[in-house]
Every structure is written in C-alpha cells, then in structure tokens.
Amino acid sequence: MYKLLLRPILFLYDPESVHHFTFKMIRFLSKIPLVSSIFRGIYGVNDPKLEREVFGLTFKNPVGLAAGFDKDAKLYNELYNFGFGFIEIGTLTPKPQEGNPKKRLFRLKKDSAIINRMGFNNGGVEDAVKRLKKNKDILIGGNIGKNKVTPNKDAVEDYKVCFEALFEYVDYFVVNVSSPNTPNLRALQDKKPLTELLNTLQEQNLQKPSQKPILLKIAPDLTDEQLLDIITIVKETKIAGVIATNTTISRENLQSDPLIAKETGGLSGKPLTNRSTEVIRFLYEKSNKAFPIIGVGGIHSAKDAMEKLEAGASLIQLYTGFIYEGPKLIKDINKALLRK
C-alpha cells in the first residue's frame, strides 16, 4: 500500500515538508483509539528468537531507526509501533539551532537515495529531554554532536553537556563526528582529537553509579588506514562499539539528474549499500571481532540487512530505506531473520 499509493503522492512534494507532514499524520492517527495496536499488529514481529544482547542491552529485535529521522524525540513512541527494536534520536546539540538554509534535502529517485545538508537542526538537548522523560520501555539511543558555532577546540564541552543532560534518559550514546554538514566536524575523526573526546566522555561515564554504552559513528569515506586507527581508538578508549556508517560525500555512479546529484551534503540510500557493508566487514575482521558494530547505510531489503549482519554487524538501522520502502521493510527483515 505504501509504495503503490502513498509514496507516489508524497514524492510529488518537497522532502522536508513531507517529513513534517508525515510526522503530523502519524501523530494524529496514533491518537485514534486502537490505531497504534493495529500498526503493531500489522508490522510487529514478536518472537524471542529475534532478541539480541549487545553491549549489555537487550534489543527485542535487531532492526532500529537511525538518527536523523526523529531528531528531537518527538515521535519515538509512534515510530516504535512500526516494529522497530530500538530508536535512535538526534543528533542533538547543547543549544537549539536552525541548521543550514533551505532547501537542504533532496531526493534522487532513480538512485533510491537522498542528499541532505540539514546541519544538525534541532531544538537543543534540554527540549528533547522533556519528551524523553515520558518514555516507559522503549530502548533509546542518544546521538550527540556539537553546535555549529562551537570551534573544534571547544567541541569536547558540547559533547559533555549533551552526555550529562541525556544520561538518565537514553540507553546508549552515539558520538557523531562524521556528519559532512557541520563545518570542520569530520576533522574530529582524526586520531588525536577523537581519542581525547572519547576518553573525556568515558571519564564522565565512569563517574556515574552505572555506565552507559558509548558508540562512535563513522563516515564511509575513511581510508583503510583511518579505519585501522578507529579500531585502535576503540580499543584504547574502551568504548562499546561503532556505528558504520554515516552518509557519504561520494557521488560515484549516480543515475539521477546531475544538477541534484551535485548538491552538497551527505548521500544516503542504495548507492551506499556496498561501501557501508565493506566498512563493517573490514572493522569486524581487522579487529578480530573485538567490538559490536551497528550497520547502517543502503538497507532497502531483507537481503541488504542480511548482508550487513553476515559481514559482522550485531544490529542494523534504517533511514532512507524506511522512507523509500515503508514500514513493511522492518517486518520483512525480521521475518527473514526468523526463517534463517
């Protein structure tokens, strides 16, 4: 129904406007008695065989919603009804920010892809906390970043602020230093500043009565040498794992309108499928399975999901695939896992 009826209509309009409209519609429908139960009945797959124990947490199934979709934790309850095993909110920054000027979100229909240069648009971490306080039993990841106006030399403080504010309300943290849409952010992936950042957050973590897993989200554009550095950094800082991967700045082999394809920003969707799987496999093999990996990037089918899990991912996340394929994709993946 989604791909045949809803998607063709939604794709006639501006992507960012459609995103906000869809949020409003899901929220409206979910307030109607029994609708949430109907969503869960249609898309949910409840089976103990789907449960995964990863970095000390129990996931009801391994299919999560990636960060960027519900940045401000406004719809995590309603989205969970589509069958996700966990929801990652953010990227959140200490202070609210508008993000980059519009237009900043583009569909590449022929490539089943999206280019975004949103720029960490969000209402600030404290605003999200107000809504997260109402969470009862949904497993939530908190993706954190720095404000655009914060220079890299002071970036650690921004991450510390977000970590402290979210600590009681999320189950794991994701340090985002790999978005291409905040000036100079990716420079924080270099070994020295990244090690300093992660060590500082780990020190903050260890001061708590119980610790939360900290993960690092990395770009797909890293070289093998840089990926080896990531493996070393994960081991040295003792963080819980890695999310591979964020969006790419590559524009290779795209079939869509060249004018759209040349837009600046991060590319997600099918063009990223193979590269993100390569990065997962590289990290898994070269680290000798030393840490869990959440695989994300170009998952548009159960087959794509299985390839990432077979490459070494413990969990997976959807974003662009969820937009193009609809919520049935979540069910398809979980059913495929049960058939395996």
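Let's start with Tyr159, which is buried, at a relative accessible area of 0% (buried means under 20% relative accessible area, exposed over 50%, partly exposed in between, with a 1.4 Å probe and protein chains only). This is a predicted model, where local features need pLDDT of at least 70, side-chain atom pairs count only at pLDDT 80 or more, and totals for chains, interfaces and linings use all residues. Residues are numbered from 1 along each chain as its sequence is written, and side-chain values use heavy atoms, with hydrogens and water left out.

**Around Tyr159**

- Tyr159 sits in helix α6, residues 155–166 (helices are DSSP runs of H or I with at least four residues, strands are runs of E with at least two, and numbering goes from the N terminus).
- Setting aside neighbours within four places in sequence, Tyr159 has contacts that include Ile144, Lys146, Val175, Leu188 and Leu201 (contact means heavy atoms within 4.5 Å).
- Asn176 is another residue that Tyr159 touches, and a polar atom of the Tyr159 side chain lies 2.7 Å from the backbone oxygen of Asn176.
- Tyr159 and Asn176 are 17 residues apart along the chain, with their C-alpha atoms separated by 9.3 Å.

**Strand β4 and its partners**

- Seven of the seven residues of strand β4 (residues 86–92) are buried, so β4 is largely enclosed by the rest of the structure.
- β4 pairs with strand β3 (residues 63–65) in the parallel sense over two bridges (strands pair if DSSP finds at least two bridges between them).
- Gly64 has Phe86 in β4 as its bridge partner.
- β4 and strand β7 (residues 140–144) run parallel and are joined by four bridges.
- Ile87 has Ile140 in β7 as its bridge partner.

Notes:
A polar contact is a pair of N or O atoms within 3.5 Å; within protein, one must be able to donate a hydrogen and the other to accept it, and residues adjacent in sequence count only if both atoms are side-chain atoms.
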